[in-house]
Amino acid sequence: MNIVFCYNYLLGYESINNKYINPGGGIEDGETLEEYCERELLKENGKLHLTKAEAKARCICIWKALEETLEIFGRYEDFHKTNIADFGLYRREYFALKEYCEK
């Protein structure tokens, strides 16, 4: 789920991994799309508890300006030889956000 508000972008930051992530989640069994969006927004804004994996990674949610977010994800090549999963994550987010900004 990508959340943009007043030209700011909501990011997760895994302090233990020094990595930014796009907040995510999935629709739980029996949950409507509206319920999913409400639950995720509450969680990403600190109103609900983190999952075990998020807590283990010491994940926090922070707002960044769109330009700064593009700059963060634009560093995807830094991961090309060291962590191909993070390379793919950052590259995907960079191009999706760039396309969003061009609209």
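Q: What makes the pairing of the D86 and K19 side chains a polar contact?
A: In this predicted model, the side chains of D86 and K19 are joined at 3.1 Å. A polar contact is a pair of N or O atoms within 3.5 Å, where within protein one must be able to donate a hydrogen and the other to accept it, and residues adjacent in sequence count only if both atoms are side-chain atoms; the pair therefore qualifies. Local features need pLDDT of at least 70 and side-chain atom pairs pLDDT 80 or more, while totals for chains, interfaces and linings use all residues. Residues are numbered from 1 along each chain as its sequence is written, and side-chain values use heavy atoms, leaving out hydrogens and water.

Q: Why is D86 called buried?
A: D86 has 11% relative accessibility. Buried means under 20% relative accessible area, exposed over 50%, and partly exposed in between (1.4 Å probe, protein chains only), so D86 counts as buried.

Q: Why is C61 called partly exposed?
A: The relative accessible area of C61 is 26%, so C61 falls in the partly exposed class.

Q: How do you know that C59 is in no disulfide?
A: A disulfide is a pair of cysteine sulfur atoms within 2.5 Å, and the count by this rule is zero. For C59, the nearest cysteine sulfur, that of C61, is 5.3 Å away, so C59 is in no disulfide.
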